[in-house]
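Here are a few notes for someone opening this one for the first time. Have a look at the structure, then read the points with it in view.

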Amino acid sequence: MSETPLLETIHLKKYFDTPAGPLHAVDDVNIKLYKGKTLGVVGESGCGKSTLGRTVLKLLESTDGQIIYNGEDITFKKKKEMLPLRRQMQIIFQDPFSSLDPKMTVADIIEEPLKIHKLFKTKEERQARVVELMSLVGLDERYVNTYPHELDGGRRQRIGVARALALNPEFIVCDEPVSALDVSIQAQILNLMMDLKDQLGLTYIFITHDLSVVKHISDDIMVLYLGKMAEMAPSDMLFDNPLHPYTKALLTAIPIPDISYKGKEAEVMKGEVTSPINPPPGCRFAARCPFAKEECRSVTPEFREVEPNHFVACHIVK
Amino acid sequence: MGETLLELKDLSVRYTTDGVISRAVNHVNLKLDKGEILGLVGETGAGKTTTALSLLKLLPKYTSEVDGEILFEGKDINKMDDKEIRNIRGSKISMIFQDPMTSLNPVFRVGEQIADVIKIHNEGISLHEVEDRVDNILTMVGIPPSRKREYPHQFSGGMKQRIMIAIAIACNPDLLLADEPTTALDVTIQAQVIKMMRNLQKELKSSVILITHDLGIVANFCDKVAIMYAGEIIEYGTLEELFDKSKPHHPYTEGLFGSIPNIQEKTSRLKPIFGLTPNPAELPEGCHFHPRCEKCMEVCKSGEVPTYRNGDYRCQCHLFAGKEAAV
């Protein structure tokens, strides 16, 4: 494709220093995200998916690699220089219960970014925008002066969405936006996010641990395991033809609400996620992989294209 | 049919806070046979956990009020005094709590926490025997007994949940209440824990009430299913009856199925239930689901909702009116 990607990361790394050694939270991640697309990032807790989301927004300083936004290298931009860019890049947080200031009303919360970026001259204009945003995300106007604790999880998450949209961004990192919600509310918010994307031409990085949710919303899906990319492919391709043993295990581990699957013992993956502190060379998944060979424990597998647009890092996959 | 282990007759629980009465559980009737696994499904605030806690008399004493009968092996738990219920808790009925991260005591070794239950319910047992049983139980839940001298923080989430399960099964209970045992876990770990619980259930032949909001887990694990909404069981039947898509179901049950993104199918949009679960202090008149129901009729808005029955299957909805002849 000749078009420049909206967001590109090149060998992006984020290590945290711990007393036991460097923790490899994000290790060599390459993203190319085009305008209007959604990249789903999937993995279990501790695989670095939230760290990745925060690093590309520069809420965390990257350790190595490059972040290119709209053709511009933003890796070393200072906080002040980032400010104008913040209008274009936003984040929706996971937990609607702790990510909203309990001492601010709904209107204050949504208005705050408008104030910081001085988008409107008068308070009236700002308030009109707040009301507009609230109706956009399906929040009734009568909640303007309520506090977050008076609202339920679904409505709170709508506030988080409205706040992220306040500055008309083009790119939003959605960090598990529905995982704290009940199923019926989760479906409402997912539908809302898809509508907004079509309506406003948004580009999403959608971070989640739930493969069935990303399947629904993503164009491409990246599977992370302990900070490393395990597999990346267009959504349909990944679900029809998963190649990495970890992706396969993730898929079979999802309980399916259909009784024709009852009694069929799905293969249960053994072991747990190993420590990302000072990981040994070789494939990070080798310790849990049923097919691991000698090579897997010593040589880090290369992330390569095995069929058009389908990337995988595994020695077993030919 | 097997022997009845537990029977709830017209169970209602009310909470009173600052003079406001919340009706958390309303007129629940339920029967559980020995060795049966019941899935209690519903969203936050449906009254699932309150129902389970009432079985152990663990509800707050001064702010809650329990009506109806809870017959366990023929005896009414609701009428038991503290001493009687203490003998049942942990030995005959035990509970696996939702969050393994906060339910274990951080300052005691896990082995001691398991041993506690055994010591309390087996007076005069020798310390050697206790140790043997702890080792045994740890092996059953897949933890090497050598780790019993470690503290909870040294275990991962999945391992902690296994310890919670070990404590719950330490006295071979007849009834196990599992309150969202895998919600806090990753999918691959969830699959491990579910598989282990299924094997344990076969081995111990306990009855289980599994509280969950995940219909996928229910399909994998349960014999009977009860769907709860606003404190009522609105649909109840065998797993096969409830998951039979060719039959009509309660509109809420259909909404729940429509809300789950299914990885087997490609749908462009989910079909959510609009609106929110009602506040238990201000339950709507008539059918509690009517303000959110797409098939709401005039008759739904007030009065009692009839229950349609067919054998053990029942569904509480006006749409099934006229079919009651099949009692």
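1. Start with strand E1 (residues 4-17) of chain B, in what is a predicted model. Ten bridges tie E1(B) to E2(B), and the two run antiparallel.

2. Four strands of chain B make an open sheet, ordered E2-E1-E4-E5, with antiparallel pairing. Its edges are strand E2 (20-33) and strand E5 (75-76) of chain B, each pairing on one side only. Helix H1 (residues 48-55) of chain B packs on this sheet and touches E1, E2 and strand E4 (64-72) of chain B. The direction of H1(B) makes about 70° with that of E2(B).

3. Next, a helix pair. The axes of helix H4 (residues 110-121) and helix H6 (residues 157-169) of chain B come within 8 Å and cross at roughly 20°. That is under 35 degrees, so H4(B) and H6(B) count as roughly parallel. Their crossing is right-handed. H4(B) brings Val110(B), Gln113(B), Ile114(B) and Val117(B) to the contact, while H6(B) brings Ile163(B), Ala166(B) and Ile167(B). By class, that is six nonpolar residues, one polar and no charged ones.

4. Finally, where do the chains meet? The contact takes 34 residues from chain A and 36 residues from chain B. On the chain A side, helix H6 (183-200), helix H7 (211-217) and helix H9 (245-253) each supply at least two residues. H6(A) gives the most, with seven residues. This side of chain A has 18 nonpolar, nine polar and seven charged residues.

Technical notes:
Residues are numbered from 1 along each chain as its sequence is written. Chains are lettered from A and ligands numbered from 1 in the order in which they are written. This is a predicted model: local features need pLDDT of at least 70, side-chain atom pairs count only at pLDDT 80 or more; totals for chains, interfaces and linings use all residues. Two residues are in contact if their C-beta atoms, placed from the backbone, lie within 7 Å. Ala, Val, Leu, Ile, Met, Phe, Trp, Tyr, Cys and Pro count as nonpolar, Asp, Glu, Lys and Arg as charged, and the others, Gly among them, as polar. Axes are lines fitted to C-alpha atoms, for helices over the stretch in contact, and angles run from 0 to 180 degrees between N-to-C directions. Angles under 35 degrees count as roughly parallel, over 145 as roughly antiparallel, 65 to 115 as roughly perpendicular and the rest as oblique. A crossing is left-handed if the near helix is turned anticlockwise from the far one by less than a right angle, and right-handed if clockwise. Two strands pair if DSSP finds at least two bridges between them.
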